[in-house]
Amino acid sequence: MAIAVSRRLLRSLGSFPTFGQCNSSCIMNQSLYNSHEIYGRVNGGSSMFAGYSTLLKAGCFFASQGLSTSILTPESSKAAFPSDLLSATPVELEERKIGLLQDLMIPVTNFQNEDKGFMVLAGDVFDVPIRKDIIHRVVRWQLAKRQQGTHSTKTISEVSGTGRKPWRQKGTGRARHGTLRGPQFRGGAAMHGPKPRSHAFKLNKKVRRLGLKIALSARAAEGKLLVFDNLDVPTHKTKNIVNYFNEMEKAKKLLLVDGGPIDEKLKLATQNLHYVNVLPSIGLNVYSILLHDTLVMSRDAIERIVTRMHTPINR
């Protein structure tokens, strides 16, 4: 079995920076230049090239102690790598698909933009399929449940006025009436008007829980979910939050979610900002997430939310 090594390959090897500081004259002696190809023979499982000892004696095949790593691009020197082996076609990476229940790794930072490592978000909470119909049902349920329902109108027995018959039944030529407090008179009662009641309606717990997962997944897919190590601020000054908000790109409203009770310094620093709101993890809801375009959660808040989502529903 014969193995042929062309001069073109030897020239390429001679110009690689990984082989140390040696030129083509160091690798190829006069006998190699005169011959068109080098032939070898395989004996006993090992290949021996004619002239291979010449390369070893030259001492430049591996002149450097360690091999360096370099990136080859189409703009690199043609002598460094054959141009016909390089491709100018750009490689397009496939974007991540949403809703595959895959765990997400998000960097952790703080108000000082310090690197605090990474955190893995559960895929069954932060990477669920987006369903607008579920979001619509949950938002309607929230708004209906929080409606006060204190509207009230007066009936004919509650409106102020006399109970006397305005005129006799017959003989006047006018329409017959028995009271001036009727709905057809000015200042009279309102017929079938609203009375205090609850506007809340029932929505299954699994649907409400799914709505919160979808809202969190939507913010994570948009890149609008930020994870902080904690929400501690040095002082209660509002300028601390304002300076951080100004550094954010294209942020209009900010929602801060902490695990336990809200720190008093953070509460004082944000109470005068209409575009920044603070919630504990137990109060996180779909409507508040949709109302703010950027969501900032602490590690503790995420752990509590995931624990709550994984807790079996009491039926």
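1. Start with a charge over a ring: R174 lies over the face of W167, and the distance to the ring centre is 3.8 Å. Keep in mind while you look at it that this is a predicted model.

2. Now zoom out. The protein has 315 residues, and 32% of them count as buried. Its secondary structure comes to 11 helices and 9 strands. If you take the contacts with a separation of 6 or more, 70% of them are between residues 24 or more positions apart.

3. What does strand 9 pair with? One partner is strand 6 (residues 225-228), in the parallel sense and over 4 bridges. Along that pairing, L225 stands opposite L295, and F228 stands opposite S298. Strand 7 (residues 254-258) also pairs with strand 9, again parallel and over 4 bridges; there L256 is the residue opposite V296.

4. Strand 6 has another neighbour to check. Strand 4, residues 104-109, pairs with strand 6 in the parallel sense over 2 bridges. In this pairing T109 stands opposite F228, the strand 6 residue that also faces S298 in strand 9.

5. On to the aromatics, where the count comes to 4 pairs. In one of them, the rings of F111 and F228 have their centres 5.1 Å apart and their planes at 90°, so the pair is edge-to-face. F111 lies in the loop between strand 4 and strand 5 (118-121) while F228 is in strand 6, so this pair ties together parts that are 117 residues apart in sequence. Both F111 and F228 are buried.

6. Another pair, F245 with Y275, is tilted: 4.5 Å from centre to centre and 35° between the planes. It links distant parts of the chain, with F245 in helix 8 (residues 238-247) and Y275 in the loop between helix 9 (264-270) and strand 8 (276-280), 30 residues apart. F245 and Y275 are both buried. Separately, ring pairs join F111, F228 and Y244 into a cluster.

7. Which residues touch the most other members of the largest nonpolar core? That core has 35 residues, and the answer is L121, F126, L216, L225, L284, M297 and I302. Helix 7 (residues 205-222) gives the largest share of this core, 6 residues. There is also a second, separate core of 18 residues, which includes F228, Y244, M248 and A251.

8. Finally, pick out F126 and see what surrounds this residue. Leaving aside residues up to four places away in sequence, F126 touches L104, L121, L216, S217, A220, L225, I302 and V306. Among these, L121, L216, L225 and I302 are, like F126, on the list of residues that touch the most other members of the largest core.

Conventions. Residues are numbered from 1 along each chain as its sequence is written. This is a predicted model: local features need pLDDT of at least 70, side-chain atom pairs count only at pLDDT 80 or more; totals for chains, interfaces and linings use all residues. Side-chain values use heavy atoms; hydrogens and water are left out. Two strands pair if DSSP finds at least two bridges between them. Rings of Phe, Tyr and Trp (its six-membered ring) pair if their centres lie within 6.5 Å; planes under 30 degrees apart count as stacked, over 60 as edge-to-face and the rest as tilted. Buried means under 20% relative accessible area, exposed over 50%, partly exposed in between (1.4 Å probe, protein chains only). A charge sits over a ring if NZ of Lys or CZ of Arg is within 6 Å of the ring centre and within 35 degrees of the ring normal. Contact means heavy atoms within 4.5 Å. A nonpolar core is a set of buried Ala, Val, Leu, Ile, Met, Phe, Trp, Tyr and Cys residues joined through side-chain atoms within 4.5 Å.
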